Structures are given as C-alpha cells and as structure tokens.
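Let's take a friendly walk through a protein chain together. Have the structure open beside you as you read.

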Amino acid sequence: MAAQTTEPEAAQQDDLYRLRHSLAHVLAMAVLELRPGSTLGFGPPIDDGFYYDFVLSEPLSEDDFPELEKRMRRILAGGPGFEREDLPVADALERLEAMHEPYKREYAAELADTQQLATLSFFRTNGFVDLCRGPHVETARKIPADAFKLRSIAGAYWRGDSRNVMMTRIYAWAYRSRKELQERIRAFELAQERDHRKLGRELDIFVIEPDVGPGLPLWLPNGTVLREELEKLAKEYEFRRGYERVSTPHLAKTDLFYRSGHLPYYEDHMYPRMAIQDHGVEEESDGDGEAVVRAEYVLRPMNCPHHHMVYAARPRSYRDLPLRLAEYGTVYRLEDSGALSGLLRVRGMSMNDAHIYCTEDQVKDEFVDVIQLHLDLYEVLGLSDYSMRFSTWDPTTDKGREKYVDDPPAWELTQRLVREAMDEVGVPYTEGRGEAAFYGPKIDIQFRSVTGREESASTNQVDFAQPARFGLTYQGADNREHRPYVIHRAPLGTHERFIAFLLEHYGGAFPTWLAPVQVRSITVADRFRDYAENLTAALREEGVRAEVDPGEMSMGKAIRQAVTRKIPNVLVIGEREVAEEQVTLRRYGVSEQETMAVEEFRTRLRAAIAGRSATL
Ligand SMILES: [Zn+2]
Ligand SMILES: [Zn+2]
C-alpha cells in the first residue's frame with residue numbers, strides 16, 4: 001500500500017520501485033502468517049528498500065527476522081501474481097471493514113473523499129488482499145529472493161501523529177541483485193563506522209552536555225587541536241592573499257540586525273532578545289532621576305553586520321580597496337531541537353568567515369582569488385570529490401520577484417562577473433536558476449562524503465544590497481562617493497560541519513600535521529623510558545604534539561591502543577634503539593615498521609608537518 005499519491009510518475013514506473021512495493025506486500029503476508037489478527041498501516045517503498053507498519057497482535061523483535069524472511073522466501077517461491085481489482089468506493093470501504101483493517105479504511109475513506117475517486121484499487125496475492133494504488137511486478141517470479149534483507153524494527157505513530165496509535169514499523173533493504181544488496185549494506189556499515197558522532201566520542205573530539213545545552217558542543221583538547229590547525233591553515237593562506245584579521249563580539253544591539261535585515265525576517269532562527277539597562281546619560285529616567293539607557297541585544301546569527309561596521313568605522317578611499325576582513329567568527333542560530341545532530345546541525349558555530357570590500361572593477365579578480373583559495377585549501381586537505389554550483393536570480397516567477405532584491409541591472413552585472421571569474425579559474429560548475437540568496441548570486445561548494453552524503457561546505461556570494469543597507473561608501477579617484485561591493489566567503493565553512501566532514505573523510509586517521517597526537521613513544525621495558533622521555537621533550541620543544549605511553553600495559557596492548565586512537569606515528573623504543581640512537585617507526589595503516597636514526601625521523605617529521613603532507 002502506498003502512503004501517498006504524490007510520488008513522481010517516473011519513480012512509480014521504476015522497476016526497483018515495483019519490486020520494493022511488491023516485497024512490502026510479501027512482508028505483510030509473512031507478518032500476518034506469524035501474527036494472525038495484526039492490522040496494517042502503510043507499507044511504502046523507500047530509498048534503500050521499504051517498510052511496513054503494523055499493529056501487531058503479539059510483539060515481534062529482530063530475533064523473528066530469520067523466520068519472517070524464510071516465510072517471505074517461501075511465498076516468493078510459489079510465484080504468486082499481484083492482481084489488480086477495482087471496487088466502487090462504497091464496496092471498497094465495506095471490504096476493508098470486513099477485513100478488520102480500521103486504519104486502511106480510515107485512509108481509504110479520506111483518499112476517496114479528497115481526491116473525488118469513484119473506485120479504489122486492491123491488489124491480490126494468494127489469499128492476501130491489500131488496498132493499494134500499485135504498481136507492482138506482475139508476478140513474484142520477478143523478485144530475486146536473495147536481494148532483500150529485513151533491517152530493523154521501530155515504533156511509528158499512525159500517520160506520524162503522536163495522538164494516534166503507536167505501530168510497529170519493520171524496515172527492509174531491497175535491491176535488484178544480491179551483489180547490489182551486499183554493496184549497499186557494506187556502504188551503510190562504513191557510514192556507521194565513520195559516523196562523526198561515533199568517531200568524535202572514541203577519539204575525544206567533542207561532547208554535547210545537556211546542562212550546557214543541545215547543539216552547543218564542547219570541544220575537548222583533541223578537537224581543539226583540529227580547530228586550531230585548521231585556523232592556522234586558513235590564517236596562513238589568507239595572510240598571503242592580503243587578508244587582514246579582525247575580532248568582533250558575539251552579540252550586538254538589535255538595531256544592527258534591523259539594519260542588516262536579519263530582524264525581523266530571520267528572528268525565528270535567532271536566540272531571543274536580551275533587554276539590558278545601562279546606566280548612562282541619555283534617554284528616559286528610571287524614576288529616581290537617574291538616566292537609564294534601554295537596549296536590546298541578540299546573539300549574532302552571522303558575522304557580516306559586525307564586519308560592515310568595521311568597514312564603516314572610518315572613511316574609506318578607493319586606495320583602501322580591496323579590503324579583506326577575516327575572522328573565525330562565532331555565530332548562534334536557534335535550530336529546531338529536533339534537527340540537531342552531532343556537529344552537523346548545531347546552535348553555536350565558528351565560521352571561516354571573511355568579507356571582501358571592493359570596487360566593481362575588482363569584483364571579478366577577487367572572486368577568482370576566492371575560488372583559487374578554495375582549490376588550494378582543498379588540495380592541502382586531500383579533498384577532491386566536490387562540485388560547484390552557481391545559484392542565480394530568477395525574476396520570471398512571482399516567488400522570484402518577491403524573494404530577490406529588485407535591482408535587475410545589479411543582478412545582471414554581478415552574475416556576469418561571477419560567470420567570468422568561474423570561467424577564468426576553469427573549474428566546472430552547474431547552474432541553479434532561482435537559487436540565489438536574496439541579495440546576490442553565489443557559488444556553493446558541495447562535498448560528497450565517503451559515506452555518500454552531499455554536504456554543503458562553503459558559500460561565496462557577491463553582494464550589492466548590504467553595502468546599501470549599511471550606507472557603506474568609499475571615495476573614488478573622481479573624489480565622489482561610491483558604493484563598494486561585498487564578497488562573502490568561507491572556504492572551510494564552520495569548524496563544526498567541516499570537522500564532522502573531515503572526521504568521516506579521514507575515518508579519524510588524520511595526517512600528521514593535523515593529528516591531535518602526532519607521535520607516541522612506547523618503550524619495550526621501563527629502563528628505556530628516559531630515552532623516550534628525552535626524545536619526547538625535544539620534539540615538544542619544536543612544537544610537535546608528542547607523548548610517551550604511560551607503560552601500564554604490555555607492549556602489544558599499548559600498540560593496539562595507539563592504533564585504536566589512530567595516532568599516525570608510533571615509536572617503539574628498545575635496547576637497539578637506545579644503543580644506536582634510533583627509533584622504530586610504526587605508521588598508522590602501514591604494516592611494515594621502519595628503523596632509522598633519530599635525526600632522520602625528526603627531519604622527516606619536521607618536513608611533513610611544515611608541508612602539511614599526507615605522508616611522513
Ligand atoms: Zn502495494
Ligand atoms: Zn557574510
């Protein structure tokens with residue numbers, strides 16, 4: 001039974017859709033065999049298989065899956081057909097009544113009513129009849145018996161409404177072949193294995209504590225190393241490109257956000273206002289004759305307004321431009337608590353932000369430079385599976401006219417400049433008409449994570465509207481006042497999303513330069529400890545994050561633990577190493593170990609860290 005009537009035609013025609021839809025019926029048949037008297041809810045195909053909801057006469061658990069699968073295969077082996085039967089609505093409702101299917105009956109009555117249907121369709125397979133719109137395979141012979149697998153069991157309210165009965169939902173995988181099924185299950189397991197929440201816990205990267213608040217991660221020392229290394233990377237690359245750094249507060253008066261337009265439009269996504277009374281010299285009296293200044297503050301949802309105020313804090317001339325103001329700025333957004341997820345959806349985040357103020361003539365070159373910066377940073381991080389999307393304005397629809405700043409010439413101009421910049425860099429991109437932000441065209445960079453998730457990493461926008469709202473100007477060579485353009489950019493996105501992405505990308509096994517612990521020394525016996533400690537002290541002197549294993553476990557166990565922690569370089573120190581001033585290096589993920597002079601190791605380590613190399 002399909003839950004809705006809104007699936008696109010193409011999906012309905014798809015053979016995988018038919019196969020999954022049909023298997024859902026077969027699951028229902030097996031469940032009714034094993035739990036007679038159960039009633040049915042919805043049983044639609046979904047992305048990687050299907051599910052079916054039941055009100056069970058007796059509970060089922062995952063332990064019952066083998067038995068259910070066996071029964072499903074037995075049904076399939078008989079090769080029954082899926083025969084369609086159309087009944088006038090009144091007869092259909094009567095049949096569902098007789099079948100004691102109250103939920104299907106409720107839905108059927110509603111469907112017939114809202115869609116003004118004259119008939120309702122049923123599908124019959126052996127003795128099982130299900131209200132369903134189809135389509136199905138003609139016969140169960142078309143369903144491979146080894147390409148599905150029951151997956152999990154969960155509670156689900158009838159029609160997703162907590163006032164309704166809680167049903168039991170059985171999920172299943174289903175594909176065209178056993179091979180495809182196994183591949184998809186493996187990919188899913190990899191995704192589980194690499195889930196940033198799991199790795200974040202195992203590697204002590206971050207925690208989220210209820211007393212601090214949902215969506216407000218606490219970065220542990222290891223996670224803080226990752227943040228600081230990324231910031232160092234960004235700062236170096238930005239410095240070379242002429243960025244200047246600023247530091248601005250996390251909150252501001254509501255006046256600032258009325259000016260930017262975040263208030264009132266974005267207010268739902270902001271923490272509530274804080275009313276403050278400052279004793280001062282202005283405005284109303286508090287009754288005791290003392291002057292009180294009343295003001296409302298909000299946590300900022302974006303850094304832009306603060307940066308615009310830095311720009312506006314002094315008169316600017318064309319000689320000051322381009323002015324590139326950068327900050328790893330912290331912002332707060334009141335995401336829905338149900339949407340919060342590890343580091344991917346949070347309520348406080350630090351962004352690799354910068355705003356480039358420039359003249360019209362400079363927009364294209366600055367945009368080229370911004371895109372080039374992305375490419376450089378991604379190369380350092382070993383990221384190559386990304387794509388760029390050019391989001392443009394669409395004034396041809398009502399929605400478009402309503403959404404966008406009404407300045408067609410400015411749209412045309414900025415879009416032309418972005419297009420020219422993209423063509424100059426020569427990176428491929430797709431175009432999304434009508435997907436621009438309300439104040440200018442943008443380039444979004446999407447990553448595909450190892451687990452197959454599409455991840456929006458960064459947005460670069462040319463903005464001609466905010467400078468006007470903030471009254472930003474510069475004095476041109478002609479001695480007249482002009483309006484600058486602003487480019488918003490954040491190649492490394494927010495620490496939260498980006499580190500979640502990197503954790504999954506590297507599976508927690510970071511290259512040496514980025515790893516929270518870069519070198520751990522393990523001694524074969526306690527008498528080699530001094531040697532290991534002196535070496536570690538010398539490395540730390542150079543800024544290397546080195547440590548000595550406490551020596552509380554056997555050597556084998558200590559090495560295994562270092563592997564579990566995904567430490568990139570483990571040094572084993574024993575008799576020979578001490579006598580010959582050597583180390584034995586075990587690299588993470590490399591099976592052969594390597595013995596070398598201490599000095600050689602230090603030279604290689606230094607080069608790998610300085611060059612942010614993927615290897616040592
Ligand atoms: Zn069906
Ligand atoms: Zn911005």
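Helices α12 and α14 cross in a right-handed way (a crossing is right-handed if the near helix is turned clockwise from the far one by less than a right angle, and left-handed if anticlockwise). In this predicted model, local features need pLDDT of at least 70, side-chain atom pairs count only at pLDDT 80 or more, and totals for chains, interfaces and linings use all residues. Residues are numbered from 1 along each chain as its sequence is written, while chains are lettered from A and ligands numbered from 1 in the order in which they are written.

Helix α12 covers residues 360-380 and helix α14 residues 408-425; their axes lie 8 Å apart at an angle of about 45°. Helices here are DSSP runs (H or I, at least four residues), as are strands (E, at least two), numbered from the N terminus. Axes are lines fitted to C-alpha atoms, for helices over the stretch in contact, with angles from 0 to 180 degrees between N-to-C directions. The pair α12 and α14 is therefore oblique (under 35 degrees is roughly parallel, over 145 roughly antiparallel, 65 to 115 roughly perpendicular, and the rest oblique).

Which residues of α12 meet α14? They include Phe367 and Ile371, and among their partners in α14 are Leu417 and Met422. The contact residues of α12 with α14 divide into 9 nonpolar, 1 polar and 3 charged. Contact means C-beta atoms, placed from the backbone, within 7 Å; Ala, Val, Leu, Ile, Met, Phe, Trp, Tyr, Cys and Pro count as nonpolar, Asp, Glu, Lys and Arg as charged, and the others, Gly among them, as polar.

Now look at α4 (residues 89-98) and α5 (residues 102-114), whose axes come within 9 Å and cross at roughly 170°. Helices α4 and α5 are therefore roughly antiparallel to each other. Among the residues that meet are Leu93 and Leu96 in α4, and Ala108 and Ala112 in α5.

The peptide bond from Gly134 to Pro135 is cis, with omega near 0°, and Pro135 sits in the loop between β6 and β7. Another cis bond joins Leu321 and Pro322; Pro322 belongs to the loop between α11 and β15.

Lys566 is not a glycine, yet its phi is positive, about 60°. You can find Lys566 in the loop between α18 and β26.

## Confidence

The chain has a mean pLDDT of 92 (pLDDT is the predictor's confidence in each residue, from 0 to 100). Over residues 1-8, pLDDT stays under 50.

Methods: Two residues are in contact if their C-beta atoms, placed from the backbone, lie within 7 Å.
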